[in-house]
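Let us go through this model by asking what stands behind each label.

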Amino acid sequence: MRLGNRAVNKRNHIDEQMCALGLEPQALNGEQKRQLDEDVYLLLESAIGSQWLDQLREAFDLIHASAGTEAGKEVAQIKGVRRLADLVNKDAYFDAVYLYAPLLAAVHHVLKRPFKLHSLNGHNPLKGSGLQPLHSDTGQECIPSGPYHVVNSMWMLDDFTAENCATRVVPRSHLKADRLGNYVEDGLAGHPEQIHLLGKAGTIAIFNGNVWHSSCISRSGAKRRTLPVHLLRTSTSSKPTSDSICAQRRPPDYRS
Ligand SMILES: O=C(O)CCC(=O)C(=O)O
């Protein structure tokens with residue numbers, strides 16, 4: 001993120017505090033809005049430049065190595081998955097991830113109200129592991145027309161392929177009323193409408209947290225490090241995972 005003195009521009013829905021930190025408001029184009037509203041995800045290709053990508057990969061591996069068997073335990077450890085949790089409190093280096101302006105623009109477009117960082121974790125399924133049940137990121141019933149509660153994003157630090165467990169998503173599932181359990185009997189089974197979020201390392205995939213999704217089994221075992229970044233509407237009763245761990249590094253709310 002570049003720092004500098006820029007005028008506060010409320011019309012762009014960015015909080016004054018964020019502008020003072022140098023955040024540059026970004027606008028989505030019509031096609032990007034359509035993808036978020038109607039399809040299932042927005043892919044920002046080559047969003048993470050090669051130097052930033054190398055640094056994020058290195059940070060992922062270093063934090064994982066230094067945490068050892070404790071890695072990911074603040075949220076959940078999963079057998080066969082290299083997990084990291086609460087990265088926002090591990091290194092200020094990750095601030096640039098959740099402050100990435102195009103991500104914030106997409107989140108604002110979906111949520112249309114104030115929001116905050118909910119979690120910034122790491123996920124790398126190993127060969128033969130990684131299958132999660134299909135889920136949405138809100139336990140609440142979905143109202144197809146919104147308002148929505150959560151936006152998720154997958155920061156691809158390695159190529160996401162069909163063989164190495166690229167996240168599966170069910171297009172337009174955020175437009176279904178009611179809970180996922182009323183439509184899907186076995187969340188671990190393949191869904192007839194699922195597709196995979198395929199992309200080159202450096203891509204960011206952003207989707208409405210109501211979209212049914214999960215990681216799959218890594219068949220190739222090729223590295224598939226990702227940073228899942230969740231942003232949540234502010235007026236919610238659920239606590240950001242980072243709150244409970246270290247109040248000092250609690251990121252600011254974004255306001256519109
Ligand atoms: O890593 C992925 O592909 C999805 C992760 C996810 O949805 C989760 O951890 O809840």
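Q: Which residue of β8 does Leu44 stand opposite?
A: Leu44 stands opposite Ile204 in β8. This is a predicted model, and the pairing is computed from its atoms.

Q: What makes β1 and β8 a pair of strands?
A: Two strands pair if there are at least two bridges between them. Strand β1 (residues 42–44) and β8 have three bridges, in the antiparallel sense. Therefore they count as a pair.

Q: Why is β8 called mostly covered?
A: A residue is buried if 20 or more other C-beta atoms lie within 10 Å of its own. In β8 (residues 204–208), five of five residues are buried. For the protein chain of 256 residues, the buried share is 38%.

Q: How do you know that β6 and β9 pair?
A: At least two bridges are needed. Strand β6 (residues 168–169) and β9 have two, in the antiparallel sense, so the pair meets the cut-off. Val169 stands opposite His213 in β9.

Q: What is the strand order in the open sheet of three strands?
A: The order is β7-β6-β9, with antiparallel pairing. β7 (195–196) and β9 are edge strands because each has a single partner strand, which leaves one side of each without a neighbour in the sheet.

Q: What surrounds the ligand?
A: The shell consists of His123, Thr167, His213, Ser214, Ser215, Thr226 and Pro228. Two elements give two or more residues to this shell: β9 (213–214) and β10 (226–233).

Q: What classes of residue make up the shell around the ligand?
A: Six are polar, one is nonpolar and none is charged.

Q: How do you know that the length of α3 agrees with its residue count?
A: Helix α3 (residues 50–67) has 18 residues, which at 1.5 Å a residue should span 26 Å. The end C-alpha atoms are 26 Å apart, so the two values agree. Just after α3, Gly68 takes a positive phi of about 55 degrees.

Q: How many helices and strands does the protein chain have?
A: It has five helices and 10 strands. Of the chain's contacts with a separation of 6 or more, 84% join residues 24 or more positions apart.

Key. Residues numbered from 1 in each chain as written. Predicted model: local features only at pLDDT ≥ 70, side-chain atom pairs only at ≥ 80, totals over all residues. Near = placed C-beta within 6 Å. Helix = DSSP H or I, 4+ residues; strand = E, 2+ residues; numbered from the N terminus. Nonpolar A, V, L, I, M, F, W, Y, C, P; charged D, E, K, R; others polar. Buried ≥ 20, exposed ≤ 12 C-beta atoms within 10 Å, placed from the backbone. Contact = placed C-beta atoms within 7 Å. Expected span 1.5 Å × (residues − 1).
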